[in-house]
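These are my notebook entries on a single protein chain. I set out to look up salt bridges, strand pairing and a few individual residues.

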Amino acid sequence: MRAVTVADTGVQILDVDMPKPKINDVLVKVHACGLNRADLVVADGGAHGAAGGAGTIVGMEFSGEVVECGDNVKNFSIGDRVMCSGSSTWAEFAIADYGRVIKIPDNNMDFTTASTLPVALATMYNAIVTIGEFVEGQTVLIQGASSGVGLMGLQIAKHLGAQIVIGTSTKPEKFNKLKSLGANIVVNSKDNDWVDQVLAATNNDGVDLIIDQLSGYTVNQNMQATKIKGKIVNVGRLAGGTTDFNCDLHALRRINYQGVTFRTRSVEEIRNVYLDMWKNLGDLVTTGKLSLPIEKVFDFNDVAQALSSMRDNEHFGKLILKL
C-alpha cells in the first residue's frame, strides 16, 4: 500500500506493507485524512510521543470503511463507515484501537467531513468538560482559537452553555470568522493589553477556564486573565514549551493549572475519553451543530503542498488529504 513516510528531506510516498490488526484493532480502507499540528512536527523530522524519525508513517486522524476487525471487536462490522484517530494513518489502509473508532452518522456526512472531527472532538471535550470541569454559565477562553482544535473548543463551550466565550488569535483577519463559530469576543494574544480586554469583559474577575494551546509567552498572562480559583488546562505549546513561570502569581490566584496529553494515557483511559465524548456530543455532531470548516482538500499525492500550507499558517479550518 502507499503511505506518507518521513524521509531525510521532508516526506515521500512509498509502498509499504499493509498493517495487520491485533485483537482490539479495526483495519480501515482510508478515504480522507485530517492534518494536525503534531503531523507537521513529525513530517519535519521531530517526534510526537513514540512517533517520529525516518521511515515513520505520518498521520493521526482519518476516515474510511472497515475492512477487518480483530477478534475482540464487537461493535463494528466490515463495510461500516467510520472516523478514527490513531497513528501511521496517512496511508491507503490504517488501523485504530476500537475505542478510537466512531461510526459516521447516517446523515449524509461524507468521508472528508468526518476526517476533520475525531482529534478535535476528543481533545476539546476532554479539556473543557473532563479536566476543566466546565459548568454551564461559566466563562471560557480558548488560546489559539483559530486552529482546528481551537475552533471546536469555541463551539463546544458555546453549545454547553458558556456565558462568555473568548477566543484568541494573532491574525485580525480571522476575528469575524471566530465570532461566527461561537466566540463572543476575540482578542490578539500579542496585544499588550489583551489581559485588560478579558478582565473588562468579565467584571474584572477573569475567566473561569482557559484552554491553552499556546503556552510560551502567554503563560503568566493567562494566570492574570484567570479568575481566582479558576482553571487553566494546558493542551498545547504552539508558542513554546519552556518559559519563565510566575510561581507567586500562580499561588496568589490559587489557580488549578493542569497539563493534558493523550501520549501518556493508557488505552483504557483513551477509550473512556472517546466513549464519554460521543455520549455527550454525538447528537450535536449528527445534527451538524458541531462541525469544522474545511479550508482546502489536497490530493494524497500533493501531501508536500498540504504540509506547506499548514506550515504557512494562513488557513482557517481544516486541511485534508483525499485518497
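This is a predicted model: local features need pLDDT of at least 70, side-chain atom pairs count only at pLDDT 80 or more; totals for chains, interfaces and linings use all residues.

I noted that the pair links distant parts of the chain, since Arg-271 belongs to helix H9 (residues 267-286) and Asp-97 to strand E8, 174 residues apart. Both Arg-271 and Asp-97 are buried. For Arg-271 the relative accessible area is 14%, and the cut-off for buried is under 20%, so I recorded Arg-271 as buried.

I then looked for a further partner of Arg-271. Glu-268 also forms a salt bridge with Arg-271, and their closest N and O atoms are 3.4 Å apart. Here both residues lie in helix H9, three residues apart, which is about one turn of the helix. Glu-268 has a relative accessible area of 44% and is partly exposed. I therefore wrote down Asp-97, Glu-268 and Arg-271 as a network of salt bridges. As a reminder to myself, side chains of opposite charge can pair when their charged atoms come close.

How many salt bridges does the structure hold? I recorded eight. One that I examined joins the side chains of Asp-208 and Lys-227, at 2.9 Å from N to O. Asp-208 is in strand E13 and Lys-227 in strand E14, so this pair ties together parts that are 19 residues apart in sequence. Asp-208 is buried at 15% relative accessibility, whereas Lys-227 is partly exposed at 27%.

Entry 2, the parallel sheet. I traced an open sheet of six strands with parallel pairing, in the order E12-E11-E10-E13-E14-E15. Strand E12 (185-187) and E15 are the edge strands, each pairing on one side only. From one strand to the next, the twist averages 15°. Within this sheet, strand E10 (residues 139-143) and E11 run parallel and are joined by four bridges. I noted Gly-167 in E11 as the bridge partner of Ile-142. Helix H3 (residues 118-131) packs on the sheet and touches E10, E13, E14 and E15; the direction of H3 makes about 150° with that of E13. Helix H4 (residues 148-159) also packs on the sheet, touching E10 and E11, and its direction makes about 170° with that of E11.

Is strand E3 (residues 25-34) mostly covered or mostly exposed? I found nine of its 10 residues buried. E3 runs antiparallel to strand E8 (residues 93-97), with five bridges, and pairs in the antiparallel sense with strand E6 (residues 61-69) over seven bridges. Leu-27 stands opposite Ile-95 in E8 and opposite Glu-68 in E6. Three bridges join E3 to strand E17 (residues 318-322), again antiparallel.

I located Ser-169 in the loop between strand E11 (164-168) and helix H5 (175-180). Ser-169 is buried, at a relative accessible area of 5%. A polar atom of its side chain lies 3.1 Å from the backbone nitrogen of Lys-171.

Arg-253 is in the loop between helix H8 (247-252) and strand E15 (256-259). Arg-253 counts as buried at 18% relative accessibility. A polar atom of the Arg-253 side chain lies 2.8 Å from the backbone oxygen of Thr-226.

Methods: Residues are numbered from 1 along each chain as its sequence is written. Side-chain values use heavy atoms; hydrogens and water are left out. Buried means under 20% relative accessible area, exposed over 50%, partly exposed in between (1.4 Å probe, protein chains only). A polar contact is a pair of N or O atoms within 3.5 Å; within protein, one must be able to donate a hydrogen and the other to accept it, and residues adjacent in sequence count only if both atoms are side-chain atoms. Two strands pair if DSSP finds at least two bridges between them. Axes are lines fitted to C-alpha atoms, for helices over the stretch in contact, and angles run from 0 to 180 degrees between N-to-C directions. Contact means heavy atoms within 4.5 Å. A salt bridge is a side-chain nitrogen of Lys or Arg within 4 Å of a carboxyl oxygen of Asp or Glu.
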